[in-house]
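My notes follow in the order I made them.

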Amino acid sequence: MALATRTDRRPSMARTLLKSTVGKKTIMAVSGLIMLMYLVVHMLGNLKIFFGAGEFNHYAHWLRTLGEPFLHYEWALWLIRVVLVAAVVAHAVSAYQLSRLDRRARPVAYAHKRRRASYATRTMRWGGIILALFIVWHLLDLTTGTVHPGGFQEGHPYQNVVDTFSTWYSGVIYIVAMLALGLHIRHGFWSAAQTLGAGNATRDRVLKATANALALVLTVGFIAVPVAVMTGVVS
């Protein structure tokens, strides 16, 4: 008797979950929270520029020696970068897949769209595109120096930041991107909390206040650097 083929094997529970809407939303929520934690730390590090070139450059050097002597030079930094890239890719892919699923479920447009839902969807979609383009530009500017205005100085992050925001267009690009980031965080944090089951009638007000506070603090904290350079406070 011929052996039965195993092509009809059922997909695993994990694979089924990942393909589901709930699974994709969970991936978006977790990856978004990972990026949010990074943004908080990154903003605090950026604010060291107000303490002078020595403090800021020392912080940048410390990031590259993080974990020594257990880890080699820049290993911890590259590990952080890998985790961030994975989070960004997972977030973007899940958002795209959810958008396609939503369109397939509603092939005919609603006669009356809810303004709030439509506004939130447009904000997240366009905000995500703006932030993706900004990340590419930001890396080419202050990490590789490819599009850096003037002469990029390896190992002198303070001077590189001052050079970048001394040009008006770099400051405008950064500020617009940070405004988009604030709106993205405001809606994204709330959505992540709902997806992960943290929201309920009792905690909703606290979660909304937390989302607004995080968005405001991060937006102001990041924008403070280019504004300080453009106004001569940092030079």
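**Entry: a helix pair.** I began with helix H6 (residues 157-165) and helix H8 (residues 204-230), whose axes come within 9 Å and cross at roughly 75°. I noted that this is a predicted model. How are H6 and H8 placed relative to each other, roughly parallel or roughly perpendicular? Angles of 65 to 115 degrees count as roughly perpendicular, so H6 and H8 are roughly perpendicular to each other.

I then looked up which residues touch. H6 brings Val 161, Val 162 and Phe 165 to the contact. H8 brings Val 225, Pro 226, Val 229 and Met 230. I sorted the contact of H6 with H8 by class and found 7 nonpolar residues, no polar ones and no charged ones.

**Entry: one loop.** Next I went to the loop between helix H3 (53-65) and helix H4 (75-105), where Pro 69 lies. I checked the peptide bond from Glu 68 to Pro 69, and it is cis, with omega near 5°. Glu 74 is also found in the loop between H3 and H4. I read a positive phi of about 75° for Glu 74, although Glu 74 is not a glycine.

**Entry: the whole chain.** How many helices and strands are there in the chain? I counted 8 helices and 0 strands. I looked up burial too: buried residues make up 29% of the 235 residues. The accessible surface comes to about 15,800 Å², and 67% of it belongs to carbon and sulfur atoms. Last, I looked at contacts with a separation of 6 or more: residues 24 or more positions apart account for 64% of them.

Note on methods. Residues numbered from 1 in each chain as written. Predicted model: local features only at pLDDT ≥ 70, side-chain atom pairs only at ≥ 80, totals over all residues. Heavy atoms only, no water. Helix = DSSP H or I, 4+ residues; strand = E, 2+ residues; numbered from the N terminus. Buried < 20%, exposed > 50% of the residue type's maximum accessible area, 1.4 Å probe, protein only. Contact = heavy atoms within 4.5 Å. Areas by Shrake-Rupley, 256 points an atom, 1.4 Å probe, with all protein chains shown as cover. Axes fitted to C-alpha atoms, helices over the stretch in contact; angles between N-to-C directions. Parallel < 35°, antiparallel > 145°, perpendicular 65-115°, else oblique. Nonpolar A, V, L, I, M, F, W, Y, C, P; charged D, E, K, R; others polar.
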